[in-house]
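This briefing walks through one protein model, from the arrangement of its strands to the surroundings of single residues. Please keep the sequence and the coordinates at hand while reading.

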Amino acid sequence: MRRSMLFLPGNNPAMLANGDSFGSDSIILDLEDAVSPGEKDAARILVRNTLKYFHYRGPEIIIRINSLDTSYWKADLEAVLPYRPDVIMPTKVSGAAYIRELSDYVSTLEKDSGAKEGSTRIMPLLETTLGIENAFEIAKSSPRMTALYLGAEDLTADMRCRRTKKGDEIFYSRSRLVSAARAAGLDVYDTPFTDIDDPSGLRADTELAKGLGFTGKAAINPRQIPCINEVFSPSEADILYAQEVFEAIRLAKEQGKGAISLRGKMIDAPIVERARQVLETARIIEGGVMQ
């Protein structure tokens, strides 16, 4: 599972070399915003060599490529696809046609490199107003889709509003993205909290994202990872309650009861499903297994 995703600039050798030491569930090797136009070629080579010679232990590897309206994206894919990254993150995704064009080119490169067709997954970055409005269409556009990811900085620029810590201006976008992703059976990830010197703000923003239904959250600094992982992991109280739910179900079956209650509250299907999700998440985290 992914709780946390950490951006690593594609032109920073030290960060790339230590990518598996920061504790994030995924690392995003960034060829887009973190790299100036004059450094695109050098960053692409550095990321390619990182994939070729480093064998990360633990984190899922995501490559953020340049958008399809640039001259860089095909070269990005040609450099990294032979080394089998787990996920490609296209940027400024506005609709299904964008994903289909990307997926077709990925298929060509998979075939050329001997990879199994369809093995490379896609996590689009939705960071325009058009992308937000087309979120469900994007989510259903390809079997390669693994999750949706919200990018608030470019989005608020497109909305012509100020990006704030409180985040009222992106509440609709967050809610729409969660709804679209869940309707399509996908995970969904929240935008980073960009003030790395405000830990209380990070916690509040992360708890808000979890409360809205996000699967996890991206980070721009390794110091943010412990908080994000903690918030998106079941607490001991969550796990205990989930275990009590299934114990109550077991006892009710033994006693032939039709109605089941726990702590004075009826146990219905949504409660059982949430308990199942808590225990499954705890099992995956304990086992160190990625999904």
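Which residues does Thr50 touch, not counting residues up to four places away in sequence? In this predicted model, Thr50 touches Leu16 and Tyr56 once those sequence neighbours are set aside. The place of Thr50 is in helix α2, and with a relative accessible area of 4% the residue is buried. The points below set this position beside the sheet, the helices and the cores of the model.

**The sheet**

- Nine strands make up an open sheet, whose order is β5-β4-β3-β2-β1-β9-β8-β7-β6 and whose pairing is parallel.
- The edges of this sheet are strand β5 (121-122) and strand β6 (125-126), each of which pairs on one side only.
- Strand β7 (residues 147-150) and strand β8 (residues 187-190) run parallel and are joined by three bridges, and in this pairing Tyr149 stands opposite Tyr189 of β8.
- Two bridges connect β8 with strand β9 (residues 216-219), again in the parallel sense, and here Asp190 stands opposite Lys217 in β9.

**Val188 in strand β8**

- Val188 is found in strand β8 and counts as buried, because its relative accessibility is 0%, which falls under the 20% cut-off.
- Leaving aside neighbours within four places in sequence, Val188 is in contact with a set of residues that includes Ala147 and Leu148, then Leu177, Val178, Ala181 and Arg182, and also Gly213, Phe214, Thr215 and Gly216.
- Val188 and Ile88 lie 100 residues apart in sequence, while their C-alpha atoms are 15 Å apart in space.

- In helix α3 (residues 73-80), the buried residues are Trp73, Asp76, Leu77, Ala79 and Val80.
- These residues lie on the same side of α3, because the arc they cover around the axis is only 160°.
- The partners against which the buried residues of α3 pack are α2 (40-53), β3 (60-64), β4 (87-89) and α4.

**Helix α7 and what follows**

- In helix α7 (residues 152-159), the buried residues are Ala152, Leu155 and Thr156.
- An arc of only 95° around the axis holds these residues, so they are placed on the same side of α7.
- The buried residues of α7 pack against α5 (129-133), β7 and α8 (171-183).

**Thr128**

- Thr128 is found in the loop between β6 and α5, and with a relative accessible area of 16% this loop residue is buried.
- Apart from neighbours within four places in sequence, Thr128 is in contact with Lys92, Val93, Leu155 and Asp158.

**Nonpolar cores**

- The largest nonpolar core has 58 residues, and those with the most contacts inside it are Leu29, Ile63, Leu77 and Leu148.
- Helix α4 (residues 96-113) gives the most to this core, contributing six residues.
- Not counting residues up to four places away in sequence, Leu77 touches Ile65, Pro82, Ile88, Leu102, Tyr105, Val106 and Leu109.
- There is also a second, separate core of 12 residues, among them Ile62, Leu125, Ala147 and Tyr149.

**Cysteines**

- How many disulfides does a search of the whole structure find? The search of the whole structure finds zero disulfides.
- Cys161 is partly exposed, having a relative accessible area of 29%, whereas Cys227 is buried, having a relative accessible area of 11%.

Methods:
Residues are numbered from 1 along each chain as its sequence is written. This is a predicted model: local features need pLDDT of at least 70, side-chain atom pairs count only at pLDDT 80 or more; totals for chains, interfaces and linings use all residues. Side-chain values use heavy atoms; hydrogens and water are left out. Two strands pair if DSSP finds at least two bridges between them. Helices (H or I, at least four residues) and strands (E, at least two) are DSSP runs, numbered from the N terminus. Buried means under 20% relative accessible area, exposed over 50%, partly exposed in between (1.4 Å probe, protein chains only). The arc is that of the directions from the helix axis to the C-beta atoms. Contact means heavy atoms within 4.5 Å. A nonpolar core is a set of buried Ala, Val, Leu, Ile, Met, Phe, Trp, Tyr and Cys residues joined through side-chain atoms within 4.5 Å. A disulfide is a pair of cysteine sulfur atoms within 2.5 Å.
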